[in-house]
Amino acid sequence: MSTLTTSTAWLSLQDHQPVMAKQDLRELFAQDSQRFKNFSLKFNDILMDYSKHPINQNTINLLLTLARQQGLEKKISEMFCGRRVNFSEDRAALHFALRREDALIIDGVDIMPEVHDVLTKMERFTSSIRNGERKGYSGKAFTDIVSIGIGGSNLGPVMVTEALNPYSASHISSHFISNIDGTQLSTILKKLDPETTLFIIASKTFTTQETMANAHSARKWFLAQGGCEKDVQNHFVAVSTNRMEVEKFGINADNIFKFWDWVGGRYSLWSAIGLPIALSIGMENFYLLLKGAREIDQHFIDAPMERNLPVILGLIGIWQINFFGAKSHAVLPYDQSLHRFPAYLQQLEMESSGKRIDRNGNEVDYSTGAVVWGEPGTNGQHAFYQLLHQGTQIIPADFLIPCISHNPVGDQHRLLIANFIAQTEAMMRGKRKTEVCEEYEVELPKKSAIEDSFKKTIPHKVFPGGRPTTSILFKKLDPKTLGSLIALYEHKVFVQSVIWNTNPFDQWGVELGKQLAGKILGELDNKIQITSHDSSTNGLINYFKENR
Ligand code: F6P
């Protein structure tokens, strides 16, 4: 048994769980008129309501005791002091420095001047593209930006660019290529004019198979469509920590935007990996995005734990995962422009928290990261909410919505808000058998053919309720608020890793598949029957070779 699951704080929560599991959430609201006030927090324009979870003040106190026992406050300050919190790779995790203003001394050196130099370089570059000063090889201004990258070098930039679409320049179109499947690349390139297309090759390592294959194909396309070798310099820029590989690709130092190995891929949108965002929304807005995140950083450091949004969000997740057995977590943005937010959080949470070994190298005896998934509302309501309301699994969900829409078309936003609030109420309240009957104005038991057929439907119309949700409302989806929301989730992930004693900054689990793909790649090129794997793997390879 681990020290975590045998600890007093953990055992107290375990004892407390059956008490809360028995409680009807409706009753908890009925008993306490201040429940919303007691279990919601505000930060700037953001309201986080976690009152629709099976919690009472004792639950929160016990969760905070667990956090203290795990040394959360110390761990937060260690990360912000630049300690090597990424212990399995022996390095610091300094993504917060990318949005910082003050000096940050690491190993005796202030790293902030370099961070600000890159931002200044991004600023110059961004304005030269946006104002048409930097031109393509035929003298025309750039109109299309194609960003090639995958994982953290794609998901953050796509998500933010889409989310902040109302702030984007109308004369610049952004495109993203991540998948190794040639479909994405060919579909996008088909629409573009090489004379006015700028490529950003974004890869921390500059060795990622998908990104490099796509980058080479893009370059080939550019040369085949009329560009010359010398024009590559003007039409291709790179964002990477690996200068040597970038130069080998043929991009010179002036066109390289550097970042550092202390930024994890999924934490990198604040760095030059965010260049596509800056090109789309302009550097002033990019700085506001950083500001929003910086403000949450400060709140995370300063606010008492019971009033600290990332701490509470993280601990509510722990309560659901470790004590109520939740295996999955839905992210439901009621804002179409946040349609990539669930995919972004999927990488942030699942690459960070999908761990089974603790910091001492021991296998954990408790659950860690949940499966994160989601779709924007109201689309999801007509697809998978059935399972959320009446399925056998209890899936905690985060609902997010702006109070003000960027696109106030007709009555749509009011309808959206009503649906958002109604869904969280329905999940909490459910519908009891008596209510189903009342609704049909039928009193049971009565006898008639109609009532018999009605009676049969009753169990299907009952909603158990008690389905936990967190609601996050904010005034408007602007760059600063989005920055705060993203940083809120980054720190939530950190909080959970401290409780679980795991490393949220490594991702060794992605390596094995990459290695094996390398071996299999070599086996696809000849006609020889493959027998060196298990029969399934051999069978798949051989079927492909026969049917290619
Ligand atoms: O395969 C996972 C991963 O290593 C992610 O962690 C990372 O964000 C992504 O690949 C892309 O890596 P790179 O930026 O080095 O191309």
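# Close-up views for a first visit

**View 1. In the ligand site, a side-chain polar atom of Lys514 lies 3.2 Å from an oxygen atom of the ligand.** The model is a predicted one, in which local features need pLDDT of at least 70 and side-chain atom pairs count only at pLDDT 80 or more, while totals for chains, interfaces and linings use all residues. Residues are numbered from 1 along each chain as its sequence is written, and side-chain values use heavy atoms, with hydrogens and water left out. A polar contact here is a pair of N or O atoms within 3.5 Å. In total, 14 residues surround the ligand, the closest being Gly152, Ser153, Ser203, Thr205 and Thr208; to count, a residue needs a heavy atom within 4 Å.

**View 2. Ser153 sits in the loop between strand E5 (144-148) and helix H7 (155-163).** Helices (H or I, at least four residues) and strands (E, at least two) are DSSP runs numbered from the N terminus. Ser153 counts as buried because its relative accessibility is 13%; buried means under 20%, exposed over 50%, and partly exposed in between, using a 1.4 Å probe and protein chains only. Leaving aside residues up to four places away in sequence, Ser153 touches Ala202, Ser203, Lys204 and Ile273, where contact means heavy atoms within 4.5 Å.

**View 3. Six strands make an open sheet with mixed pairing, in the order E1-E2-E13-E12-E10-E11.** Strand E1 (40-43) and strand E11 (371-373) stand at the edges with a single partner strand each, so one side of each has no neighbour in the sheet. Two strands pair if DSSP finds at least two bridges between them. Strand E10 (residues 328-333) runs parallel to strand E12 (residues 397-404) over four bridges, with Ala330 standing opposite Ala397 of E12. Helix H17 (residues 412-429) packs on this sheet and touches E12 and strand E13 (469-476). Helix H20 (residues 479-500) also packs on the sheet, touching E1, strand E2 (46-49), E10, E12 and E13.

**View 4. E1 and E2 form a hairpin with two residues between them.** The two strands run antiparallel, joined by four bridges, and Lys42 has Leu47 of E2 as its bridge partner. In the turn, Asn44 has a positive phi of about 50°. Four bridges also join E2 to E13 in the antiparallel sense, and Asp49 is partnered there by Ser471. What covers the faces of E2? Both faces are covered, with Ile46 and Met48 buried on one side and Leu47 and Asp49 buried on the other.

View 5. Most residues other than glycine have a negative phi, and most peptide bonds are trans. Thr378 lies in the loop between E11 and helix H16 (385-390). Asp107, in the loop between strand E3 (105-106) and strand E4 (109-110), has a positive phi of about 50°. Phe206, in the loop between strand E7 (197-202) and helix H9 (209-224), has a positive phi near 60°. Is each residue buried or exposed? Asp107 counts as exposed because its relative accessibility is 66%, and Phe206 counts as buried because its value is 2%.

Note on methods. Axes are lines fitted to C-alpha atoms, for helices over the stretch in contact, and angles run from 0 to 180 degrees between N-to-C directions. A polar contact is a pair of N or O atoms within 3.5 Å; within protein, one must be able to donate a hydrogen and the other to accept it, and residues adjacent in sequence count only if both atoms are side-chain atoms.
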